[in-house]
Amino acid sequence: MLPYFRKSENNTRLNNEYHGVGGDMNVTQQIQHNPLTRAFIRAWQELGIDFNADVNGAQQDGVTFYDVTQRNARRESAATAFLRPAMKRPNLTVITKAQATKLLVEGNNVVGVEYRRGRRTHVARADGEVVLSGGAVNSPRLLMLSGIGPADHLRSVNVDVVHDLPGVGQNFQDHIDVNIIAETTPVSYNQEDRLDRAIRHMIQYLLYKTGPMTICIAETGAFIRSSDEVEAPDVQIHCLPVINIDHGRQRRKGHGVTINTCHLRPRSIGSVGLRSANPEDPPLIDPNYLGDSEGYDWKTSIEGFRRGRRLLQTEALGPYIKHEYMPGAHVTTDEEIKGYIREWSRTDYHPVGSCAMGSGEDAVVDTQLRVRGLDNLRVIDASIMPKLISGNTQAPSIMIGEKGAAIMRAGKLV
């Protein structure tokens, strides 16, 4: 898979075994870093964690300034990097404000897709293959709405069974975040969206492509090991130089820093199911966070929380920290930390696994990403990962797209 990671990348800093240049996705260094971010780097080194200039290279351990997907100081997405440059091609039609509702199956052949746009229902028929790239929620959801999935579950929501495939919607995995928030001196990005400051930042960005409008908030992070027994980093800790409560939905006056801790290799397995046969009904998503029977996920999440909290007592961050706001210094025991995690933990937006690749009866796709038991249908997105990776999922998802395209074009595994 490494060649397909490199193929998509245009790295402005690195060109080596692990990083490519000339690809469509621009990867570069951030333009600026907050003083809290720089102190975070020094704090980890104070605690014995080395600086690592490339956590996406030969070794993951260490603290680093994150690279970002930006081009000309603006966010680079899969749309700007891959889709928009291809919009003029005659063999591409992009239909927006539409919802796929059903795959069309004739015998064992998938021949098209039914979709709604406004109040009208449309059909797109395929001359070749149909590819699902809806992600770990929408790909299994569309399969099940089409009668492809666990037969008992489909019957329970009054969907006619077209193809009994037990693994669809199973094996759902996601990273869970636990935040530690401290109030700081006036150095964070809080209050920078105030109207007068926002206007100033906009002018700075338009004239010089610098300033707070170029930031990604998660400017730096560390990959660490929760114990000496683990074979690779199993905890990722971000530094966000801003107060971030409930995904930013709750506002708080003042300045602060958020230490975001994440258990990278959870053993808890969830699922995606249907609420009903109506495509307009939202799916049932059960990530089953911290649900493993042996308590391994709880143990690692609590240890990651404690390691993140130690940062607030370092000399490097000391000049900026006023006091711990959430959960507060009074929360110390494992049970107290568990209670805080139950109330305030959140998704890291890394769902995978619900159309897992494999060879067993629970597998949904084979190693060429073809849906087992059907012809002319593939799933090419993060849902095919059998296991959640130990990091962010954007680059691996793009790699899966590159690899899947190569497989389809070659007509064989390459």
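Trainee: Tyrosine 208, buried or exposed?

Mentor: This is a predicted model, so keep that in mind. Tyrosine 208 has a relative accessible area of 60%. The cut-off for exposed is over 50%, so tyrosine 208 counts as exposed.

Trainee: Which helix does tyrosine 208 lie in?

Mentor: Helix H6, which covers residues 195–208.

Trainee: And which residues form the nonpolar patch on the surface?

Mentor: Tyr208 is one of them. Leu195, Ile199, Ile203 and Leu207 are in the patch with Tyr208. Together they have about 580 Å² of accessible area.

Trainee: Switching to strands. What order does the open sheet have?

Mentor: E1-E2-E4, three strands with mixed pairing. E1 (9–11) and E4 (67–68) are the edge strands, each pairing on one side only.

Trainee: How many bridges join E1 to E2?

Mentor: Three, and the two strands run parallel. E2 spans residues 25–29.

Trainee: What stands opposite glutamate 9?

Mentor: Methionine 25, in E2.

Trainee: Which residues line the largest cavity?

Mentor: The lining includes Gln173, Asp174 and Ile176. His263, Pro266 and Ser268 are also among the lining residues. So is the run Pro287, Asn288, Tyr289 and Leu290. Asp297 and Ser301 complete the list.

Note on methods
Residues numbered from 1 in each chain as written. Predicted model: local features only at pLDDT ≥ 70, side-chain atom pairs only at ≥ 80, totals over all residues. Heavy atoms only, no water. Patch = residues over 30% accessible without salt bridge, like charges linked within 9 Å, V, L, I, M, F, W, Y side chains within 5 Å. Areas by Shrake-Rupley, 256 points an atom, 1.4 Å probe, with all protein chains shown as cover. Salt bridge = Lys/Arg side-chain N within 4 Å of Asp/Glu carboxyl O. Helix = DSSP H or I, 4+ residues; strand = E, 2+ residues; numbered from the N terminus. Buried < 20%, exposed > 50% of the residue type's maximum accessible area, 1.4 Å probe, protein only. Pairing = 2+ DSSP bridges. 1 Å grid on protein atoms, 1.4 Å probe; cavity = no way out; pocket = protein on both sides within 12 Å on 5 of 7 lines; lining within 4 Å.
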